[in-house]
Each structure stands twice: as C-alpha cells, then as structure tokens.
Amino acid sequence: MPEADTIIAPATTPGRSAIALIRLSGPGARAVVERVFRPKRAGRPWKPWAVRTGEIADPAGGGAIDRSMAVWMPGPGSYTGEDVVELSCHGSPAIVESVLRLCLREGARLAEPGEFTRRAFLNGKMDLAEAEAVCDLIASETEASLATARRQLAGELSQRVSAIRETLLDLSAEMEARIDFPEEDIPPDDAQRFLDSLESARGEIQSLLEQGRRGRRLREGARVAIVGRVNVGKSSLFNALIRMERAISTPHPGTTRDTIEARIDLRGVAVDLVDTAGIRSPESEIEGLGIERSKREIERADAVVWVLDRSQAVGAEDREAFDLVRGKPFIIALNKSDLTPGLSGFEEFQSFPAVATSAVTRRGVDQLEKRLWERLAGASGGAMGEGALVSNVRHIEALEEARAALGDARALLERREGLEFVMVDLRSAVDRIGAILGLDVGEEILDRIFQRFCIGK
Ligand SMILES: Nc1nc2c(ncn2[C@@H]2O[C@H](COP(=O)(O)OP(=O)(O)OP(=O)(O)O)[C@@H](O)[C@H]2O)c(=O)[nH]1
Ligand SMILES: [Mg+2]
C-alpha cells in the first residue's frame, strides 16, 4: 500500500562536511524539489537517474541558498520503490537546515529513523531480514560483521529461511489433507515421511543457529588464552602477537604470575588475547594462585593456544596442560623452532592442528594468526562467512522458537497424537520463521526494528 506523504531527511551525518546529501521519497518528491530547485538549464525535461545542476532557492523570493545537484529516481525502480530525489549541497549545517525547512514548507515531512528503508520493505523492495541487514551494514565496525551484513543483504539468509518455510508449508498441506479423514490411521510410511520432513527442517534451523552462535561470538569479539607449561615462550608469543613488549619474559621458569590481557584485531575479528602463568606444581603460594587463574582463563576462552617447546621432550607438565585445554578448540604452537629440534613424545598429539613458531624470529607467527582465525571461525576450511549468517537477536529468537515448536510437533507425532494437534505446533513454527522475513509482523515490531536506524536511511 503506497504511502501518501513525502518524507525528507539528510542522509549524511550532521555537522560540517564537504558535501551533504538530502533525500526525499514519496509521491510529491519531485514536485517539492521542482519548487525549490532552479536548474541551470531550465526548460529541459528532467531525465530520471541523471544529475541536474542548479541552485536551491526560496520560491517566495530571495537569493540562492546554495548551489546543488539533484537526481531524480522514479519509483518503483528506486531504493524505496517510490519517487526519490536526492539533493546534494555544501555540507554546512546552516545550508542543510535551510534546505530542509524550505522543503518542509513546500509539503514534505521529516522522516523517522529508518523510514526510507521501512518504505522499501513495505513496498516489497526487500524483506525484513534484508532491511535489517542495511542497518547492520552501516553499523559494522569489523570485516566479520560487515561480511554477515553483506550476505544477509544479498538475501542469503532469506533464501535459507524461505526454503525451511516451504518445507513446513508442504508438510502442513499434506497433514491438512489427512485431517479430513480422521477415521483412517496414518499409514506408517506416511508417518515416517512426516517425521523425516520435520527433522530435516529442524536440522536446518539447528545449523543456522549453530552458525549464528559463532557469528555472534565473532561480532562481539573472542577470547583466546595462551597456555602451556613454564618457560615454553608463552609471554614471548603473546608479545609477538600483540606486536608490543607488554608481558615480561625471562629465562626463569615461572616468570608470569598473573594473567595479562590485550586486544588485537585478528583479520577483522576483535580478539582479547590472554597470557597466563605456566602450568606446573607451584613452588609458592603466589604461583599457585597464578596457576588457578590460568585454569579459569582456559574455562573462559573461546579458543586456546597450547604452547610447547619444540627443542625439548614433551614432559609431565606439558601433559598436565594438555588435560586442561583438550576440552576447548585449541591450536598447538611448537615454539622455539629456531633452536635445534628436540621434541619427542609428540606422537599422541600429531592429529591436532599445530604450527611451528619462533617468538624470537617471528617465524610462523602469521601462520599461527591464520590458524587461530580459522579455529575461531569454527571450521578448519576457514568458513568465516558461513559461520556468521545469523547474528541478529530477533532472528535467533525466532529460530529458537521455531525449533522448539518443531520439537513439540515431533513428540506428538511419535506418540501418534491427532494430526490436528501436530498442526498447531507446525503452524506456529511457520509463523516464527515467516517473521524473520517480515511476513505478518505488526507495527510494533517494525517500530522496534527501524528505530535502531539512522535518520535518512
Ligand atoms: N630461541 C628462542 N627462545 C625463546 C622463544 N620464545 C621464548 N624464548 C625464550 O624462552 C624464555 C622463556 O620465555 P617466556 O616468554 O618468558 O616463557 P613463558 O612461557 O611465558 O614462561 P613462564 O611465564 O615462566 O611460564 C625466555 O628466555 C625467552 O627469551 C623462541 O621462539 N625461541
Ligand atoms: Mg610468561
């Protein structure tokens, strides 16, 4: 349903800038601009999608406010699906203010945050997940969150979600047909097929959620602990990774007593890197407390770098450290690889990902970063993009609810309850999934989503 009014807002940030862009959308967009914009070559027809130069002036009289360029993008091919006009002028707050005031007087109304995109959604130019991606795209501060937003905007999430919804709709159509003959028992083949369909939809939701969990972690930043027995070079590696001499490193075993933390940008992912006290039988109370802290850090970490000294045999303290990290995603750093190799007893760890490093020559440090990034992305193939398709809380909630409803549906089906009861859960799953795309969502939800947007987007 097309909106009747014409909205206006600056699309660039307030304050001084080289250029400011002011955007209008709605049936009156062109008419409003024609009243305030004097084209340099008056009398020529205004061609869509072409830049027109001229000046902005009050039709009621007075001099020009500013020189300006205007582009007219007719609906439905525009961003909002309506007639859109963009005016650019010099980026002075006073100019922007005057142009806005003029256009408001000539019939436009100030846009709400996100109202342009909201109109794009209402006019069917994008679904809700895509509209939300526009907001995420603008807000993204790391490459990882940018990649998620970009894929979501390209409709990747929408396609996966639509496919799940289609499966469930097909299933409900079949069940519906069965409900008309309640006196007949469901043939076991059919019952199995229903279960299989349900399970496949649930599995797909599960995998989206699983990826979402990783996505969220990437967005918020991850925590990585550097762990190992004393003197293997943890602090030296920590310094090499943060590119700063931050942690004290000495030839004395047991140098690090407390944990030290620094934030690094690991290929676009914010990572809190933690250097920890070496694992061994503590020789003092302070050291014992430090080791306790190391254990807590391992618990907290999303991934661990387990450091071994490649010039020495694997010992009891190394195994002790291994027992602590084995439950976590970890990478082995075979450090001191600049020295004569003397590693023995490593066979049992051969199957784990390992990188030879030297904190002294920096050899292998880049490789370690790369492997760590892959580990965090949750896939050995470095499927970073894959890991981050769902990261929006609204989507996660909808998927979780749909998954729960499908779980209930399955339980009912297995207990051979009437299909009409199964259908109730199935429908609720379909609705929850549809909400991601924006099907049948109420004004309140739209308000909540679009108020996060910037003005003018
Ligand atoms: N040759 C060589 N020496 C290294 C390397 N990494 C660390 N070292 C040396 O090994 C010693 C111990 O290094 P640290 O970084 O303090 O080791 P750590 O694991 O933090 O030790 P604790 O804090 O005591 O547990 C220091 O003398 C470092 O200079 C390396 O890659 N090659
Ligand atoms: Mg240390």
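Modeller: Start with the naming of elements. Helices (H or I, at least four residues) and strands (E, at least two) are DSSP runs, numbered from the N terminus. This is a predicted model, in which local features need pLDDT of at least 70, side-chain atom pairs count only at pLDDT 80 or more, and totals for chains, interfaces and linings use all residues. Residues are numbered from 1 along each chain as its sequence is written, chains are lettered from A and ligands numbered from 1 in the order in which they are written, and side-chain values use heavy atoms, with hydrogens and water left out.

Colleague: How is a pocket found, and how much space lies in the largest pocket?

Modeller: Rolling a probe the size of a water molecule over the atoms shows where empty space is left. On a 1 Å grid over the protein atoms alone, a pocket is an open set of points where a 1.4 Å probe fits, with protein on both sides within 12 Å along at least five of seven lines; lining residues have an atom within 4 Å of a point. Grid points are joined across faces, edges and corners, and a volume is the space filled by probe spheres set on the points. Here the largest pocket holds about 580 Å³. It has 24 lining residues, with Glu132, Asn392, Val393, Arg394 and Arg452 closest to its centre.

Colleague: Which helix gives the most to that lining?

Modeller: H12, with five residues. H12 spans 393-414, and other elements giving two or more residues include H4 (128-139) and H7 (188-220).

Colleague: What is the lining made of, by class?

Modeller: First the classes: Ala, Val, Leu, Ile, Met, Phe, Trp, Tyr, Cys and Pro count as nonpolar, Asp, Glu, Lys and Arg as charged, and the others, Gly among them, as polar. The lining of the largest pocket has twelve charged, seven nonpolar and five polar residues.

Colleague: Which pocket does ligand 1 sit in?

Modeller: A molecule sits in a pocket if more than half of its atoms lie within 2 Å of its grid points. Ligand 1 sits in the second largest pocket. About 340 Å³ of space lies there. Asn231, Gly233, Ser236, Ser249 and Thr250 are nearest the centre of this pocket. Its lining counts 14 polar, seven nonpolar and three charged residues.

Colleague: How many residues surround ligand 1?

Modeller: A residue is near a molecule if one of its heavy atoms lies within 4 Å of it. The count is 23, and Lys234, Ser236, Gly254, Thr255 and Asp338 are the closest. Helix H8 (residues 234-242) supplies the largest share of this shell, three residues.
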